Amino acid sequence: MELIKEKVWIKDGRPVREALNDHGRDLTLAYQILKSHDHPSDPSVMHITFDSLTSHDITYVGIIQTARASGLKEFPVPYVLTNCHNTLCAVGGTINEDDHRFALSAAHKYGGIYVPPNMGVIHSYNREMMSGCGRMILGSDSHTRYGALGTMGVGEGGGELAKQLLKRTWDIQRPEVVLIYLVGEVKPGIGPHDVALALVEATYASGFVKNRVMEFAGPGIASLSQDFRNGVDVMTTETTCLSSIWETDETTREYFEVHGRPEAYQEMKIQEGACYDRAIIVDLNEIESMIALPMHPSLAMSIHDLQKNPKKILQEIQDNANRQLSGKAQMNLVEKVDEEGKIHVDQGVIAGCSGGTYENICAAASILKNGNTGNEQFRLSVYPDSMPVYRSLMENGAVTDLVDAGAVFREAFCGPCFGAGDTPANGELSIRHTTRNFPNREGSKPNEGQIAGVCLMDARSIAATAANKGILTAATDVVTDHQICPPMVFHHEIYDRRVYNGYGHPQPDFDLIYGPNIKDWPDQPSLQDHILLKIVSHIEDDVTTTDELIPSGETSSYRSNPLRLAEFTLSRRDPAYVPEAKKVAALSMDDLSDVLDAYRRAGVNVEGDRCNIASAIYARKPGDGSAREQAASCQRVLGGGANFAKEYATKRYRSNCINWGILPFVTEDERVLVTGAWVYVPDVAEHLKKDEPCTGYVLSKDTVQTVSLSLGALTQDEKQILLDGCLINYYKN
């Protein structure tokens with residue numbers, strides 16, 4: 001894999017470093033689509049509207065509640081509400097199903113599309129029913145990626161969907177575009193997760209594609225099935241790119257025809273003279289069976305390389321993980337290696353938008369046909385990504401082959417990907433064809449001493465390991481010929497009979513159905529002239545994920561109750577955060593005489609009038625991972641007023657902070673922003689309006705030091721949202 005950190009142009013269908021023109025970026029597929037959805041008013045900022053929206057049952061209640069508070073009358077574009085995350089209704093009592101009922105009533109009232117629980121995971125339904133060449137889809141889930149179907153998918157926080165529901169735009173700086181040029185053909189046994197993990201490993205740490213659009217082209221695409229392409233594409237999220245788009249061809253046409261939507265297809269090819277800001281040349285022949293080790297998808301290597309020296313490599317990964325866990329739990333990976341150097345795995349899972357596709361499961365069934373997973377500790381669970389896929393797998397015998405071999409076949413459900421299904425036991429090692437293996441992601445609770453090791457692998461290598469009764473095995477060791485998957489028959493009547501499609505037919509008099517856990521957002525204060533912040537958590541991890549800011553899993557059941565969910569903020573990373581943030585939220589200037597006196601003695605006069613008092617956190621690089629807005633809204637409802645960081649891991653998390661009125665400060669002065677320190681930022685509102693850097697006065701142990709602060713690039717709307725205190729206030733005003 002070759003990374004080219006300079007511009008390339010397309011000449012005779014191939015990338016060259018020869019400058020051909022000055023306007024080639026506009027010839028890229030990405031810019032052709034972006035420009036067709038742009039409402040231009042500023043040459044440096046694009047104002048995008050989307051063809052459709054989508055959310056699942058962790059996010060849609062908050063989005064609809066936000067839009068309702070801001071004047072929502074009807075859904076202006078198709079809005080798909082899927083129920084694929086919180087479908088284990090035993091967790092939290094009735095509240096999960098209460099939210100599903102709320103969504104159905106909202107689909108009636110505002111004209112939405114309601115996909116019942118277990119019918120299809122969010123991204124699979126949108127691939128099957130909503131994608132189309134040249135379209136754009138905005139989703140409140142970070143893995144909103146449909147680029148292989150010619151559709152630019154963007155995952156953002158709920159605030160950005162609320163804006164679209166209110167006929168506003170998604171505003172972004174003109175993004176750079178990175179060409180991903182595929183050549184060659186994958187070996188037998190190689191699957192989409194192998195290619196995806198190799199890409200993530202090559203790009204994540206350096207930020208090579210961060211906030212850029214990845215555009216896939218080249219002769220290697222033709223050798224890949226549509227399911228294979230979709231499986232690679234959905235994992236582009238883990239590179240921290242902004243979006244993705246692919247060339248389309250007859251394979252794409254056939255996909256749309258099979259799914260009853262031939263009109264959604266058009267050929268999309270890279271153009272002569274198109275210019276890309278960077279490029280990656282991927283030789284598919286070189287891709288090996290891959291494994292991403294705990295606790296990040298970018299910690300990837302070939303399975304064969306791991307097997308050469310398993311104890312040494314796992315010791316290094318184990319030590320790194322335990323440093324990250326700060327002694328709250330101890331991961332032991334080395335004990336999984338026996339005296340012969342074989343690695344023993346306890347659990348395998350194939351699931352969700354990346355793993356549960358038709359061809360992945362067919363490939364796993366082919367490897368396990370007439371096999372036996374054994375009756376010891378190892379077990380295998382398989383989750384199809386939609387009911388039409390489930391139906392086809394039953395028809396072609398794949399379900400029978402898997403179940404006969406000892407696998408458990410389950411429903412269309414995203415649970416294993418975020419810790420709400422098939423959670424491994426403490427100390428176990430799990431291999432998964434899902435999207436992430438972050439700490440806390442698979443259900444572990446490190447602060448309670450619970451930790452499991454989770455690795456990402458392709459379904460083919462998981463099946464090969466299962467056939468070997470839990471001994472880690474690369475699929476390339478057992479698959480000698482390219483597997484032929486029976487053509488899928490898409491039974492659209494499954495959706496016709498169960499999915500409610502009210503788009504274009506809102507029923508304004510239809511009453512929303514509320515459960516007792518569905519609560520309105522609490523009022524938030526506007527930004528005053530000055531702000532006085534107390535650092536209540538200081539996190540020095542290289543990256544802080546959204547799953548650490550607000551844990552997934554069973555806590556997500558409370559997502560429709562802002563104050564209840566906020567009780568879990570940082571609970572698995574810094575349990576002291578919530579009580580400390582609450583203490584700050586209860587303070588008035590009268591309570592801070594000692595703080596004000598200390599500032600005064602240092603020559604800093606804190607102007608108590610027109611001054612917010614709020615809590616804040618410092619994290620080096622927060623926000624990797626999920627698009628869930630709760631990672632920011634939970635801080636806000638607990639009285640959070642700002643974050644301090646060296647950089648923000650993703651645009652979507654920074655946007656969430658802005659939409660919830662949290663000032664996204666950037667600074668290099670982490671050493672003074674310790675837990676318990678106060679930070680006074682005078683005239684912060686004026687600096688915000690003028691795009692000026694500002695100075696913070698940090699009080700710690702009766703000593704005041706200054707820090708240089710910046711809020712980064714902000715649009716006029718974003719500035720006003722921060723001044724108003726949150727997106728809801730912005731619309732009210």
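In this predicted model, Cys 657 has a relative accessibility of 0% and therefore counts as buried. The cysteine sulfur closest to that of Cys 657 belongs to Cys 634, and the 12 Å between them is too far for a bond. Cys 133 is also a buried residue, because its relative accessibility is 9%, below the 20% under which a residue counts as buried. For the sulfur of Cys 133, the closest cysteine sulfur is that of Cys 241, at 19 Å, again too far for a bond. A disulfide would need two cysteine sulfur atoms within 2.5 Å, and the structure holds zero disulfides.

| Cysteine | Closest cysteine sulfur | Sulfur distance |
|---|---|---|
| Cys 133 | Cys 241 | 19 Å |
| Cys 657 | Cys 634 | 12 Å |

**The chain as a whole**

The protein chain contains 26 helices and 32 strands. Its radius of gyration is 25 Å, close to the 27 Å given by the globule rule for 733 residues, so the chain is as compact as a globular protein of that length. Along the principal axes, the C-alpha atoms fill a box of roughly 80 × 60 × 60 Å.

Of the 733 residues, 65% count as buried. The accessible surface of the protein chain is about 25,500 Å², and carbon and sulfur atoms account for 46% of that surface. When contacts between residues at least 6 apart in sequence are considered, 77% of them join residues at least 24 apart.

Charged side chains number 70 positive and 97 negative, and the centres of these two sets are 3 Å apart.

**A buried leucine**

Leu 368 lies in helix α12, which covers residues 358–368. With a relative accessibility of 0%, Leu 368 counts as buried. Which residues is Leu 368 in contact with, leaving aside its neighbours within four places in sequence? They are Thr 373, Leu 380, Asp 401, Leu 402, Ala 405, Ala 463, Ala 466 and Ala 467. Val 403 is 35 residues from Leu 368 along the chain, and the C-alpha atoms of the two are separated by 9.5 Å.

Methods: Residues numbered from 1 in each chain as written. Heavy atoms only, no water. Helix = DSSP H or I, 4+ residues; strand = E, 2+ residues; numbered from the N terminus. Rg over C-alpha atoms; globule rule 2.2 N^0.38 Å. Buried < 20%, exposed > 50% of the residue type's maximum accessible area, 1.4 Å probe, protein only. Contact = heavy atoms within 4.5 Å. Areas by Shrake-Rupley, 256 points an atom, 1.4 Å probe, with all protein chains shown as cover. Lys, Arg positive; Asp, Glu negative; His and termini not counted. Charge placed at Lys NZ, Arg CZ, Asp CG, Glu CD.
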